[in-house]
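Please keep the sequence and the three-dimensional view at hand while reading.

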Amino acid sequence: MTGKLQTRCVIAGGGPAGIMAGYLLARAGVPVIVLEKHADFFRDFRGDTIHPSTLELMYELGLLDEFLKEPHQEVRELRAVVNGQAVPIADFTKLPTHCKFLAFMPQWDFLNFLSTHAKALPSFQLLMQHEVVDLIFDQQRVTGVRAKTPRGELEIRADLVIGADGRHSIVQTRAGLDREEFGVPIDVLWMRISKKQDDPQQSFGFFQRGKLLVLLDRGDYWQCGFVIPKGGFDEIKARGLQELQNNIVSFAGFLRDRVGELDDWSKIKLLTVQINRLRDWCRDGLLCIGDSAHAMSPAGGVGINLAIQDAVATANLLAEKLRNGPASLDDLRKVQARREWPTRLIQAMQVFIHRNLVTGQTSQGKDSLPIVFRMLKCFPVLRQLPARFIGIGPRPEHICSGKR
Ligand SMILES: Cc1cc2nc3c(=O)[nH]c(=O)nc-3n(C[C@H](O)[C@H](O)[C@H](O)COP(=O)(O)OP(=O)(O)OC[C@H]3O[C@@H](n4cnc5c(N)ncnc54)[C@H](O)[C@@H]3O)c2cc1C
């Protein structure tokens, strides 16, 4: 039997884009249902960075003080170790925001925090274990979604469907939206190694001869991201675990006594990295935002910020319309028009990082500091540029959707 629901806006995906869009629309009085396919938010691969611009949004929403009570680390300066030399990369202390730091918080804590506040709103509903499997059309207009749930199939009709279902978006595929792919030369191996009290403080990453190891502090363990050439995992496996362990130790020697914890390939996950962008983010009755509209690489750690900025722009531009009825295709295009150039700029930066700093030809085989890092080391003022780019991003959004 198929269940049926009707709402004003249905959102596929409970990641940063979907939960933030759902919260803001509901806060502005728009009835919203968010569908998340997993049973909880506990997943490893999402990235843990809460940017100063997102913290500023928390301030604008009156949630900042409460948010900062959640366990997190505040990083005021990002540092990297490049070919053995410590290099300061970004200085957040001069940003024009209330929080002049990057907060590292497991993304599941962030999503739990936001969704708890959203659930307190009468017009917000979050349905976990609800996987969107198809769209419903009325001629050319998208009028809802079909979802697989533990209790069978559910049909939800809505004036607007928002695709916030990430980089493997079913919504964009079913909507037939055309995607532009930008080649990415890297994938990431994702694994955990235990942490000790006297370990060095969290660093942005360890670059060495065009290779990169990132360590995220998750309290009692390090979440490690080891960048490998795209498609290179089978070759790494063929060379054996010992060589991978040695490679990790060559970046971060303090892990030598623990790297043996990686004693089985099942403890090492392969995350494929993509950068792509939809040509049209919308069609009649449907809008894609976040990674569903533009898949981001981890380079620069800015994908979460961008997804949240999309969500804020969506609520700013559409809440009023949706409160009173459907949004037109022209209304939906305004969201793309507002968010497309910041996206283009950031993706161009990510492509630059891939080509030049990570597994790039200019950095491979060299022990010296690449020019970009030399400049950041010599001229402190330059560190404000990456801080601005990572911490705020181009065209920052502010909460303009009213509260009802
Ligand atoms: C290895 C890696 C590390 C990264 N690290 C960082 C970082 O440190 N900082 C940073 O800013 N960015 C990072 N990024 C990028 C960042 O993860 C994304 O840009 C960001 O998560 C996009 O948010 P989103 O809400 O659009 O999509 P997602 O975070 O992908 O969320 C999509 C949600 O939709 C759900 N979903 C998917 N399909 C369906 C469906 N059919 N029905 C219902 N629900 C569905 C998923 O379960 C998920 O919860 C990283 C990316 C990678 C690959």
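## Aromatic pairs

The structure, which is a predicted model, holds seven aromatic pairs. In one of them, the ring centres of F226 and F251 lie 5.5 Å apart and the ring planes meet at 80°, so the pair is edge-to-face.

F233 lies in helix α6 (residues 233-239) and W265 in the loop between α7 and β17, so the pair ties together parts that are 32 residues apart in sequence. Is F233 buried or exposed? With a relative accessible area of 11%, F233 is buried, because buried means under 20%. W265, by contrast, is partly exposed, with a relative accessible area of 22%. Elsewhere, F67, F110 and F113 form one aromatic cluster.

## Salt bridges

How many salt bridges does the structure hold? The structure holds 30 salt bridges. The table gives three examples.

| Salt bridge | Distance between N and O |
|---|---|
| E155 and R146 | 3.8 Å |
| K196 and D257 | 2.5 Å |
| D257 and R258 | 2.9 Å |

The side chains of E155 and R146 meet in the bridge listed above. E155 has 10% relative accessibility and counts as buried, whereas R146 has 24% and counts as partly exposed.

D257 takes part in two of the listed bridges, one with K196 and one with R258. At 37% relative accessibility, K196 counts as partly exposed. R258, at 5% relative accessibility, counts as buried. Salt bridges that share partners also join K4, R146, E153, E155 and R157 into one network.

Helix α1 (residues 16-27) has 12 residues, which at 1.5 Å a residue should span 16 Å; the C-alpha atoms at its ends are 16 Å apart, which agrees. How many residues of α1 are buried? The number is 12 of the 12, so α1 is largely enclosed by the rest of the structure. The buried residues of α1 include P16, G18, I19, M20, Y23, L24, L25 and R27. After α1 comes G29, whose phi is positive, near 95°.

Helix α2 (residues 52-60) has nine residues, of which seven are buried, so α2 too is largely enclosed by the rest of the structure. The buried residues of α2 are P52, S53, T54, L55, E56, L57 and M58. Just after α2, G62 takes a positive phi of about 75°.

An α-helix has 3.6 residues a turn, so residues three or four places apart point the same way.

Strands of a sheet pair through backbone hydrogen bonds, either parallel or antiparallel. Strand β3 pairs with β7 (residues 102-104) in the antiparallel sense over two bridges. Which residue of β7 stands opposite I50? The residue opposite I50 is A103.

## A nonpolar surface patch

On the surface, F352, I371, V372, M375, F379 and V381 form a nonpolar patch with about 550 Å² of accessible area together. Helix α10 (residues 371-378) gives the most to the patch, with three residues. F352 has its place in helix α9 (residues 329-356). At 43% relative accessibility, F352 counts as partly exposed.

Note on methods. Residues numbered from 1 in each chain as written. Predicted model: local features only at pLDDT ≥ 70, side-chain atom pairs only at ≥ 80, totals over all residues. Heavy atoms only, no water. Buried < 20%, exposed > 50% of the residue type's maximum accessible area, 1.4 Å probe, protein only. Helix = DSSP H or I, 4+ residues; strand = E, 2+ residues; numbered from the N terminus. Salt bridge = Lys/Arg side-chain N within 4 Å of Asp/Glu carboxyl O. Pairing = 2+ DSSP bridges. Patch = residues over 30% accessible without salt bridge, like charges linked within 9 Å, V, L, I, M, F, W, Y side chains within 5 Å. Areas by Shrake-Rupley, 256 points an atom, 1.4 Å probe, with all protein chains shown as cover. Expected span 1.5 Å × (residues − 1). Phe/Tyr/Trp six-rings, centres within 6.5 Å; stacked < 30°, edge-to-face > 60°.
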